[in-house]
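Here is a short briefing on one protein model. Look over the sequence and the fold before reading on.

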Amino acid sequence: MRLGVLDVGSNTVHLLVVDAHPGARPLPAHSHKAELRLAQLLDEDGAIGPDGVDRLVAVVREALQAAEDKGVEDLLPFATSAVREASNADDVLARVREETGVELTVLSGAEEARLTFLAVRRWFGWSAGKLLVLDIGGGSLEIAYGIDEEPDTAVSLPLGAGRLTAARLPGDPPHPDDVRALRRHVRTEIARTVGDFSRFGAPDHVVATSKTFRQLARIAGAARSAEGLYVHRELKRASLEGWVPRLAAMTTAERAELPGVSEGRANQLLAGALVAEAAMDLFHVESLEICPWALREGVILRRLDHMGPV
């Protein structure tokens, strides 16, 4: 069957269309995305403003049309941290439902982490052993650890690259004092969770997902996306540590000139790098591997599991 996943994230609204059936890997058939940056559209009260809601409704309508055009049989719509944490989330969800007919399922941070972990486990298989999975989104950082398809522990922290950039890095380039303050904040937040993971022992394999990690790996020398999904890509902490001060000194326009960095994400790259560096340092990770599957694939896989064999 042809499935569609509609992901209303903190940075983008992304429709992924796949051809899938139980027991087979999902084959991507179409991708439709729109930059919305909901995490940066929250007002002082933490609400998504009228303009942001109007834009969200319009983008969801466009995605629905794209899904219809591509013959999607079953649509799985969900929202993550930007909608989840908005003070007017119920009103936003009701407006989307009334004007588009789409019932967005709001995933908790823990659910995001578990579904992403499932996707990574299926990608690497049982031979990968104990996995530590890191995922930096626009609104949150998810960390999960385990040896099975369900992680032994999983957390979600409000350390998304878009959220931190909007709240804590106002300059372009940012002031060094703001960068240092953000670095302290990120490390304090992550350090609080390390003990929850260390009691399970060292992981056999450390994996990262998300656009942020892919871009950081690319500027550090990883293969281009055009070389395909199955090329090994890794990010070394030593390389990342060398890039952080360079990114801090750059303007958004200068970062956008780096290989693999999109113009729409260039302003968030420094915050993402600070989060990635902190996580790798505090979890004693020297190198991690980039996984092409993440939350959307996890949602698809869980849906297929519930369908059972045909």
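In what order do the five strands of the open sheet run? The order is E3-E2-E1-E4-E5, with mixed pairing. This is a predicted model: local features need pLDDT of at least 70, side-chain atom pairs count only at pLDDT 80 or more, and totals for chains, interfaces and linings use all residues. Residues are numbered from 1 along each chain as its sequence is written, and side-chain values use heavy atoms, with hydrogens and water left out.

**Sheet**

- Helices (H or I, at least four residues) and strands (E, at least two) are DSSP runs, numbered from the N terminus.
- Two strands pair if DSSP finds at least two bridges between them.
- E3 (27-35) and E5 (105-106) are the edge strands; each has a single partner strand, so one side of each lacks a neighbour in the sheet.
- E2 and E3 run antiparallel, joined by eight bridges. Val17 has His30 in E3 as its bridge partner.
- E1 and E2 also run antiparallel, through seven bridges. A hairpin of three residues connects E1 to E2. Arg2 is bridged to Asp19 in E2.
- E1 and E4 run parallel, with six bridges. Leu3 stands opposite Asp74 in E4.
- Six of the seven E1 residues are buried, so E1 is largely enclosed by the rest of the structure. Buried means under 20% relative accessible area, with a 1.4 Å probe and protein chains only.

**Helix H11**

- H11 (residues 295-307) has 13 residues and reaches 19 Å from first to last C-alpha, close to the 18 Å expected. The expected span is 1.5 Å times one less than the number of residues.
- Its buried residues include Leu295, Val299, Ile300 and Leu304. The buried residues of H11 pack against E1 (2-8), E2 (12-19), E4 (74-79) and helix H4 (109-124).
- H4 and H11 pack at about 80°, with axes 7 Å apart. H4 is therefore roughly perpendicular to H11 (65 to 115 degrees). Axes are lines fitted to C-alpha atoms over the stretch in contact, and angles run from 0 to 180 degrees between N-to-C directions.
- Leu115, Leu118 and Arg122 of H4 are among the residues making this contact, as are Val299 and Arg302 of H11. Contact means heavy atoms within 4.5 Å.

**Nonpolar cores**

- A nonpolar core is a set of buried Ala, Val, Leu, Ile, Met, Phe, Trp, Tyr and Cys residues joined through side-chain atoms within 4.5 Å.
- The largest core has 49 residues; Ile143, Ile190, Phe213, Leu216, Leu247 and Leu288 touch the most other members.
- Helix H10 (residues 269-282) supplies the largest share of this core, ten residues.
- Apart from this core lies another, of 27 residues, including Ile48 and Leu93.

Conventions. Buried means under 20% relative accessible area, exposed over 50%, partly exposed in between (1.4 Å probe, protein chains only). Angles under 35 degrees count as roughly parallel, over 145 as roughly antiparallel, 65 to 115 as roughly perpendicular and the rest as oblique.
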